[in-house]
Amino acid sequence: MMSDGIEDEEKWLAEGIAGIQHNAFYMHRALDANNLREALKYSAQMLSELRTSKLSPHKYYELYMRAFDELRKLEMFFKDESRHGVSIVDLYELVQHAGNILPRLYLLCTVGSVYIKSKEAPAKDVLKDLVEMCLGVQHPIRGLFLRSYLAQVSRDKLPDIGSEYEGDADTVMDAVEFVLQNFTEMNKLWVRLQLQGPGRLREKLEKERSELRDLVGKNLHVLSQIEGVDLEMYKDTVLPRVLEQIVNCKDELGQYYLMDCIIQVFPDEYHLQTLETLLSACPQLQPSVDIKTVLSQLMDRLSNYAASSTDVLPEFLQVEAFGKLSSAIGRVIEAQVDMPIVGAISLYVSLLTFTLRVHPDRLDYVDQVLGACVKKLSGKPKLEDNRAKKQVVALLSAPLEKYNDIVMALMLSNYPRVMEHLDNETNKVMAIVIIQSIMKNNTCISNADQVEVLFELIKGLMKDLDGTAVDELDEEDFKEEQNSVARLLHMLYNDDPEEMLKIIGIMKKNIMDGGSKRLPFTVPPLIISALRLIRRLQGQDGDVAGEEVPATPKRIFQILNQTIEALSTVPTPELALRLYLQCAEAANDCDLEPVAYEFFTQAFVLYEEEITDSKAQVTAIHLIIGTLQRMNVFGVENRDTLTHKATGYSAKLLKKPDQCRAVYACSHLFWVDDQDGIKDGERVLLCLKRALRIASAAQQMANVTRGSSGPVTLFVEILNKYLYFFEKGNPQITSAAIQGLIELITSEMQSDSGAPNTVPDAFFASTLRYIQFQKQKGGIMSEKYDSVKV
């Protein structure tokens, strides 16, 4: 059935075009013959084709354009009185005798255009006559195109200021009245189009009606181009009349389009000065009108206007633009009770964007917008609509992007309240955005209160929300999130020790509340921040009287001890051991022997009870030995206890090579160059001899298992230790001992029946070259090496 209607319409259009072409042919012949009567006859018959009611607006437009082209030629004929011999006044009367009203009015508009141009009558009188005559056609499509033709032929003939058709003092008002009257009637006809046609064609008709909207909108464009329409006239006459028509038409499409037209065609300055009038119409529009887009476009234009020059900013304050826009948005949201939540939030996003561009210094305005959004979201469940969630993220991201400083956002009391309405996933997304902003702008948060607010904002990353278990999260995503938090923690810093201690306390509280799985990521940066503070406070180890606990190293070390203990619940003993050793070093620098000893004790306890993997034990014992070597705070008794423990654990490692390397590393615990008193040559020699015995045992085991003595790498490594202590002046390390070890290695290499091993061979050869170099370079060192034969 639908296809039959389309075919019929095509046939009717073709018949109409054929009728226009046929009559236009004879009209041209009459024009060529300068025969006015015949020209009018055939032009009237041609225009009669536009009387059809069978065509849709789209097809009627095609027919209209054919007739329009012919009317332009007819107008040229009317202008040349010498061709038709009739005065323009008589011609204006003559065309009014055409038989049918539609052809008569088209001809009247065409002659009226020439009449105005001839200036034989005031333009305002002719225009008034024409616009009132057109009331005779009330069919929506026919009337709409007729008035569109009137607007087209008259737009360059309006009695405007500076125009050749300018009349008396009220001439501009006449021009405005003509355009407004034509606009009003065209809008009525356009709105009535929606009532035409059966229900099954209504949707198609509405689409075609939308395509004709520019016919109506052109009137507003013409109004904006009239030079005499100043701000006062726009405020008192033009805008109220146009808005009245928009509100009264009660048509969704018409209201949206015409509001958009007003915003687009009139100057920004006019919008600013008439803001209250324009905004007052918004709540009166139909609930289905997309008012959020209209208001967003208005605010966008005003924002661009403000950005164009700083000179206009006082005008925004003078007219209280923010207050009016905020109130209008509130009234619109209240009036349109069925507005989706995403629509309301998008309005607040637009208002916030406007505020940040026009009043960037007014944080109270920004917070007010966020507060209005909180009010709208209050009492509702957490957002589930993805579009609404994206709008909230946009709302919260706007201040970050504008200020490039999270500190500004932390001063907004309603910022965290908006985030409370996000679901867990979106809360995390927003938390990541906040952290990225801090890292991108290298922002340092230095105030304890601001740190507290910041942790509230990123709590989606800091702890499990609403029972969401960590185990449910993707492992890679979880690591990435926690690494972001760890980077953030390094940005929390204050030069004032007391304030920094408060920040560390807040960090610790939030980190401890985050669950055991997050601790390996978040505890290390906390420890590093605290150690950094401790090094700034070196020497302040006394107790200071006062109500508040002072920021002293002792106080901070207590916090660190409690924090690292929490890692044992994860468990991550290797990480905890590293942190204990770092704290011990810091205590050493602060000359706090009991504190340093306690941290070493905790490290040994972890080693004994928690670290069971052989590779982890090797790494751990070398960390302990290296840290202990650098300690100078311990007295003889404490140092002996710790070194005895370290050497004992070294000798108990699972693999012989690991034992050997750990034991000879312990030799450095008894000979430290930069410390007086720790130069125990005998114990150094004992460690090295013990390492040699272990290396020999390793060689024997290799001989048993592989049938060869195995590589001599361990012996070469021990030889290098002998050389180190020999050069440092250890009297227990003699050239004879070195000579004996060289001969032992040479013998072992010669007895190895296996394939040659290039690594230890090269290592040993390099060591011998070093000895040869020392022998040849002269001086004291050369004399020491003189007795060593290589």
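The structure, a predicted model, holds three cavities of 30 Å³ or more. A cavity is a set of points, on a 1 Å grid over the protein atoms alone, where a 1.4 Å probe fits but cannot get out; its lining residues have an atom within 4 Å of a point. Volume is the space filled by probe spheres set on the points, with grid points joined across faces, edges and corners. Local features need pLDDT of at least 70, side-chain atom pairs count only at pLDDT 80 or more, and totals for chains, interfaces and linings use all residues. Residues are numbered from 1 along each chain as its sequence is written, and side-chain values use heavy atoms, without hydrogens or water.

Helices here are DSSP runs (H or I, at least four residues), numbered from the N terminus. The top contributor is α11, with four residues. By class, four lining residues are nonpolar, three polar and two charged. Ala, Val, Leu, Ile, Met, Phe, Trp, Tyr, Cys and Pro count as nonpolar; Asp, Glu, Lys and Arg count as charged; the others, Gly among them, count as polar.

The second largest cavity has a volume of about 50 Å³. It is lined by Ala151, Ser154, Arg155, Leu158, Phe178, Val179, Asn182, Asn219 and Val222. Two or more residues come from each of α8, α9 (171-192) and α11. Here α9 gives the most, with three. This lining has five nonpolar, three polar and one charged residues.

Helix α32 (residues 593-609) has 17 residues. From first to last C-alpha it reaches 24 Å, close to the 24 Å expected at 1.5 Å a residue. The expected span is 1.5 Å times one less than the number of residues. Buried positions (under 20% relative accessible area, 1.4 Å probe, protein chains only) include Val595, Phe599, Phe600, Phe604 and Tyr607. The buried residues of α32 pack against α30 (553-565), α31 (573-589), α33 (614-629) and α34 (636-650), with contact meaning heavy atoms within 4.5 Å.

The count of disulfides, each a pair of cysteine sulfur atoms within 2.5 Å, is zero. For Cys583, the nearest cysteine sulfur is that of Cys590, 11 Å away. Cys583 counts as buried, at 0% relative accessibility. Cys590 is likewise in no disulfide. At 7% relative accessibility, Cys590 also counts as buried.

Note on methods
Buried means under 20% relative accessible area, exposed over 50%, partly exposed in between (1.4 Å probe, protein chains only). On a 1 Å grid over the protein atoms alone, a cavity is a set of points where a 1.4 Å probe fits but cannot get out, and a pocket is an open set with protein on both sides within 12 Å along at least five of seven lines; lining residues have an atom within 4 Å of a point.
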